[in-house]
Amino acid sequence: MLLSVLNIIFFIAFIWFAWLNVNDKDAWLWVSIYMIAAILCGLAAFKYYYPAIYLPVMGFYLVYAIVLFFKKDGVWDWITKYKIQNIAATMQATRPYIENTRECFGLLIITGALLINLLAGYRIH
């Protein structure tokens, strides 16, 4: 029951995140990323788990998160060069490190949600 409620929360949040990305220049990528996660969490809320889909999706998200972590003006630069400046002060990502850091953390949140479902799916079956 608790896992179903958590997945409904993830489902709603990921749809909202997809909506926030509709007007971005790379909307095709980020709306797809969030909608795939939303669909998988929505299905998991009703006990439909798909480990064969979770693994490659999570792999893609983790590799992309690593790229965003180490790229120029990525998370590493945010930590070292920009001294962990506030990235949540405004919704506008006025600097590249803000967008890259937010995107990296978004990918890690999605991966965490899918990991929970992957482990739950293996436990149930």
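Me: Why is F14 counted as buried in this predicted model?
Reply: Buried means under 20% relative accessible area. F14 has 1% relative accessibility, so F14 counts as buried.

Me: The structure holds 13 aromatic pairs. Why is the pair of F14 and F17 called tilted?
Reply: Rings pair if their centres lie within 6.5 Å. The centres of F14 and F17 are 6.2 Å apart, so the two rings pair. Their planes meet at 50°. Stacked needs under 30 degrees and edge-to-face over 60, so this pair is tilted.

Me: Which aromatic cluster holds F14 and F17?
Reply: One formed by F10, F14, W16, F17, W30, Y34, F60, Y61 and Y64.

Me: What makes F14 part of the story of the largest nonpolar core?
Reply: That core has 33 residues. Those with the most contacts inside it are F14, W30, I33, Y54, L107, I110 and L114. The elements giving two or more residues to this core are α1, α2 (27–45), α3, α4 and α5.

Me: Which residues does L114 contact, leaving aside neighbours within four places in sequence?
Reply: L40, C41, Y54, V57, M58 and Y61. Among them, Y54, V57, M58 and Y61 are buried residues of α3.

Me: How do you know that the length of helix α3 agrees with its number of residues?
Reply: Helix α3 (residues 51–70) has 20 residues. At 1.5 Å a residue, the helix should span 28 Å. The end C-alpha atoms are 28 Å apart, so the two values agree.

Me: Why are the buried residues of α3 said to line one face?
Reply: They are P51, Y54, V57, M58, Y61, Y64, A65 and L68. Seen down the helix axis, they fall within an arc of 150°, so they line one face of α3. The face turned away from that side carries the exposed residues A52, P56, V63, I66 and F70.

Me: Why is the pair of W78 and F105 called edge-to-face?
Reply: The ring centres are 6.0 Å apart, within the 6.5 Å limit.

Me: Are W78 and F105 buried or partly exposed, and why?
Reply: W78 has 10% relative accessibility, under 20%, so W78 is buried. F105 has a relative accessible area of 33%, so F105 is partly exposed.

Me: What makes T101 buried?
Reply: Its relative accessible area is 0%, under the 20% limit. T101 is found in helix α5 (residues 96–124). Leaving aside neighbours within four places in sequence, T101 contacts G74, V75, W78 and I87.

Me: Why do K72 and D73 count as a salt bridge?
Reply: The limit is 4 Å between nitrogen and carboxyl oxygen. Here the closest N and O atoms are 3.5 Å apart, so the pair qualifies. The structure holds one salt bridge. D73 is buried at 10% relative accessibility, whereas K72 is exposed at 63%.

Note on methods: Residues are numbered from 1 along each chain as its sequence is written. This is a predicted model: local features need pLDDT of at least 70, side-chain atom pairs count only at pLDDT 80 or more; totals for chains, interfaces and linings use all residues. Side-chain values use heavy atoms; hydrogens and water are left out. Helices (H or I, at least four residues) and strands (E, at least two) are DSSP runs, numbered from the N terminus. Buried means under 20% relative accessible area, exposed over 50%, partly exposed in between (1.4 Å probe, protein chains only). Contact means heavy atoms within 4.5 Å. The expected span of a helix is 1.5 Å times one less than its number of residues. The arc is that of the directions from the helix axis to the C-beta atoms. A salt bridge is a side-chain nitrogen of Lys or Arg within 4 Å of a carboxyl oxygen of Asp or Glu. A nonpolar core is a set of buried Ala, Val, Leu, Ile, Met, Phe, Trp, Tyr and Cys residues joined through side-chain atoms within 4.5 Å.
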